[in-house]
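Thank you all for making time this morning. I would like to walk you slowly through the spaces inside one protein and the surroundings of its ligand, so please look at the sequence and the structure before I go on.

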Amino acid sequence: MSNTIVIFGASGDLTSRKLIPALYQLHAKGRLPKQTRIVGVSRSEFEHDEWRKSLRETTAKFAGKVFDSKKWDSFAPNIYYQPGDIKDAASFQSLASFLSEIEEGQSTGRVYYLSTMPQLYQTAIEQLGAAGLACEDNGTRRVIIEKPFGTDLKTAKELNRSIHHVFDEDQIYRIDHYLGKETVQNIFALRFANSIFEPLWNRNFVDHIQITVAEEVVIGRRAGYYDTSGILRDMFQNHLLQLMMITAMEPPARFDANMVRGEKVKVLHAVRKMSGGDFATQTVRGQYAGYLQEEGVPPGSQTATFAALKLYCDNWRWQGVPFYLRSGKGMSCRTTQIVIQFKDVPHMLFGDKNHTSIGNRLVIQVQPAEGIQMHFETKVPDAGMKTRTSHLDFNFQDTVGGGAMPDAYQRLLLDAVQGDASLFSRGDEVELAWGIIDPILEAWRSPAAPPLLQYQTGLWGPPEANEWMLNQKREWFDVCP
Ligand code: BG6
C-alpha cells in the first residue's frame, strides 16, 4: 500500500533537524515502503521545489556523512509542501483535495505528524476530524503526537478525550523519542533474550536502581517553554519514567503493542504514592546558578532544573527496592545511564572488613557511550587477598561496523508507518505518569516543599543530593563516559 506522511509544523526545527533526515535515511536504506510521499504543512508560503531545496541543505547538515546526493535526488520528488493554518478549516479542505490529488485515488495509509506548538494539538485533531481526514475508508489513518502530552493530569485527560472523539486509541502514536533509542530497546533484549539476568532482577539480589539523565547543556533560548515546564515535566513525566518502566516491568507474553504497554503500565500502577513528609525526604530539587539570568526567565523563578526522586514499586518483584531517578541541566557531562546495584555479599572474607561488594553492579549506558558494563570484584595480583572492582565492557558502537547508531526518529517513524505502536505511549500510560508527577509538583508549590537548592554548573547537581544518598548509605554512580 502507498503511504503519505503529513507533517504539521513543517517549517519548525524538529522537521528539518530530525524528521526529514530520519525519513531520508530510511529511504536511503530502502526501508520506507515504495510510494511513500511526505507533505509538509505550515503557514509559510513555499513552492514544492523551494521547500525541497531548503530541506536538502538541512538534511545534508544533520544527516552528516551518510548524506548522498544521488539518494537525495531519488527521495526529493516525493516531498511536497502545502501551506495551511491549523486554525483555519478551509486549509484542511485544501489539504484534503491536495492529498487526493497526489494519491490519485489509490488506497493510501496516512500518518499525520503533529509537530506544532502543543497548544494547537487539540485544534489540529478537531480539524482533521471535521475535514474527514481521519476517516479510514481509503486506507489507514494514524496520528503521531509529540511531547509534551498535556501539562498535568487534567490537561492530558482532556487531550486524550478530545483525540478519542476523532481517532481510536490504536490510531494514536504518542511519541517519546527515548523509546526510539537503540540502547533503550536493547534493555528489552538484555532482560528478555537472556536467562542469566532474570534470576537476579528482583528484590532478593538488587539493593537499588539508579536512573540518571544528566545534560551538560543549560536552557539556552528555551526559557519561554522551560520556565513553565521545569525538569519534572520536561524529563521525568516521560523519559525517566519510561526508562523506569522498561527496567522494572515483567516480561510480556508477546512483543506486541498491547502486551508490552500493558506490562509497562502495571509498573506505574505499582509506584507508591507519596504523601505528607515523603515529599521532603524522597525528593530533591535544584536550580543551576545563573538560571535566573537566562534570557526570558522571570525574576525569582522557582523552576527546578534538577531533581532527584526516590520511588518505590509496591509489587512482588520490587518491594523495598528504591528507584532513584535523577536528571538535571548544567551537569558535569551528558550521560544517560541505568545502574542496577546488587546487594553486598552477606559476609566479606577478604581484606578490609568494612569493604563491601559495592562494585557488584550492572551499568546500562544509554548515551552517549552506548553499552553495558558488568562490575565485579577481582583479586589484586600479588597483594594477598586484597580485592578491587573490575569490569566487563560491551560497546554497542563496535557492533555497528563503525557506522553511526540510527537516530531514534528513524525507528519510530517506520514503526508508525507500519502500524506498530509498541514503542509509543498509550493513553492510560501518559495519564498514570502524570498521576505520579502532579502530586510532587503540587508539593513543591506548597510550604512543605523541600528547599530549591542552588548548584554550580559542571557538577552533578546540588551537593545536598549527594549527601541525601550518603545518608541512605548509598552513592550515586557519577562517572562521565
Ligand atoms: C527533550 C527535552 O524531550 O529531551 C529536552 O525537552 C532535553 O530538554 C532532550 O534536552 C534530551 O534528549 P536527548 O535525546 O538529547 O537525551
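This is a predicted model: local features need pLDDT of at least 70, side-chain atom pairs count only at pLDDT 80 or more; totals for chains, interfaces and linings use all residues.

**Cavities, ligand and pocket**

Let me begin with helix H8, which gives the most to the lining of the largest cavity, with five residues; helices here are DSSP runs of H or I with at least four residues, numbered from the N terminus. Residues are numbered from 1 along each chain as its sequence is written, and side-chain values use heavy atoms, with hydrogens and water left out.

How many cavities of 30 Å³ or more does a search of the whole structure find? The search finds five, where a cavity is a set of points, on a 1 Å grid over the protein atoms alone, at which a 1.4 Å probe fits but cannot get out, and lining residues have an atom within 4 Å of a point. The largest cavity holds about 140 Å³ of space, a volume being the space filled by probe spheres set on the points, which are joined across faces, edges and corners. It is lined by 18 residues, of which Asp176, Gln237, Asn238, Ser425 and Val430 are the closest to its centre. H8 and helix H12 (427–445) are the elements that give two or more residues to this lining. By class, the lining of the largest cavity has eight nonpolar, five polar and five charged residues; Ala, Val, Leu, Ile, Met, Phe, Trp, Tyr, Cys and Pro count as nonpolar, Asp, Glu, Lys and Arg as charged, and the others, Gly among them, as polar.

The second largest cavity has a volume of about 80 Å³, and here H12 provides the largest share of the lining, four residues. Among the residues that line the second largest cavity are Gly435, Ile436, Pro439 and Ile440, and by class the lining has seven nonpolar, one polar and two charged residues.

Let me turn to the ligand. H8 gives the most to the shell around the ligand as well, with three residues, and this shell, counting residues with a heavy atom within 4 Å, divides into two nonpolar, three polar and seven charged.

Finally, consider the second largest pocket, with a volume of about 330 Å³; a pocket is an open set of points with protein on both sides within 12 Å along at least five of seven lines. Its lining draws at least three residues from each of domain 1 (2–146) and domain 2 (182–405 + 426–471), with bounds from an automatic or database domain assignment. The centres of these domains, taken over C-alpha atoms, are 35 Å apart.
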